[in-house]
Amino acid sequence: QVQLQESGPGLVKPSQPLSLTCTVSGGSITADRYYWGWIRQPPGKGLEWIGYLTTSDNTYSSPSLKSRTSISRDTSKNQFILQLTSVTPEDTAVYFCVRVAAITRNVDSWGQGTQVIVSS
């Protein structure tokens with residue numbers, strides 16, 4: 001059974017970059033049946049797609065975040081990484097890494113989530 005685990009800083013200062021890593025176990029991030037992505041949930045709000053990385057390393061990003069988002073993978077560590085530039089307090093959220101079934105585009109596995117607070 002695949003497991004996903006997020007890691008990264010819990011506190012980031014405004015205008016700084018945010019980098020989060022998702023470590024995958026029980027499955028390979030090179031498997032062609034799956035995409036790998038990030039979702040967040042700001043306090044008191046619903047889930048928001050950030051983006052995902054396809055098997056051919058194409059990236060889909062939410063239009064509202066596209067200019068600040070980069071998603072990449074490190075196959076040697078079986079990890080994928082989210083980088084978000086120029087964060088503001090509006091980027092405060094719980095960030096989840098997810099696995100997406102390529103055929104259905106449905107999320108079928110979630111990490112437990114990591115809280116990120118943007119504050120000076």
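A: Asn-78 sits in the loop between strand S7 (69-74) and strand S8 (79-84); strands here are DSSP runs of E with at least two residues, helices are runs of H or I with at least four, and both are numbered from the N terminus. The phi angle of Asn-78 is near 55°, a positive value in a residue other than glycine. With 16% relative accessibility, Asn-78 counts as buried; buried means under 20% relative accessible area, exposed means over 50%, and partly exposed lies in between, using a 1.4 Å probe and protein chains only.

Please keep in mind that this is a predicted model, in which local features need pLDDT of at least 70 and side-chain atom pairs count only at pLDDT 80 or more, while totals for chains, interfaces and linings use all residues. Residues are numbered from 1 along each chain as its sequence is written, and side-chain values use heavy atoms, with hydrogens and water left out.

Asp-57 belongs to the loop between strand S5 (48-53) and strand S6 (59-61). Its relative accessible area is 47%, which makes Asp-57 partly exposed, whereas Asn-78 is buried.

Ser-62 is placed in the loop between S6 and S7, and it is buried, with a relative accessible area of 10%. Setting aside neighbours within four places in sequence, Ser-62 is in contact with Trp-49 and Ile-50, where contact means heavy atoms within 4.5 Å. Pro-9 lies in the loop between strand S1 (3-7) and strand S2 (11-12) and is partly exposed at 33% relative accessible area. Not counting residues up to four places away in sequence, Pro-9 touches Leu-18, Ser-19, Leu-20, Gln-115 and Val-116. From Pro-9 to Arg-68, 59 residues along the chain, the C-alpha atoms are separated by 18 Å.

Now for the covalent link. The structure holds one disulfide, a term that stands for a pair of cysteine sulfur atoms within 2.5 Å. It joins Cys-22 to Cys-97, with an S to S distance of 2.1 Å. Cys-22 lies in strand S3 (residues 18-25) and Cys-97 in strand S9 (residues 93-101), so the pair ties together parts that are 75 residues apart in sequence. The torsion about the S-S bond is about 60°, so this disulfide is right-handed. Both Cys-22 and Cys-97 are buried.

Stepping back, the protein chain has zero helices and 11 strands. Its radius of gyration is 13 Å, close to the 14 Å that the globule rule gives for 120 residues, so the chain is as compact as a globular protein of that length; the radius is taken over C-alpha atoms, and the rule is 2.2 Å times the number of residues to the power 0.38. Along its principal axes, the C-alpha trace spans about 40 × 25 × 25 Å. Of the 120 residues, 45% count as buried, Asn-78 among them. Among contacts between residues at least 6 apart in sequence, 55% join residues at least 24 apart.
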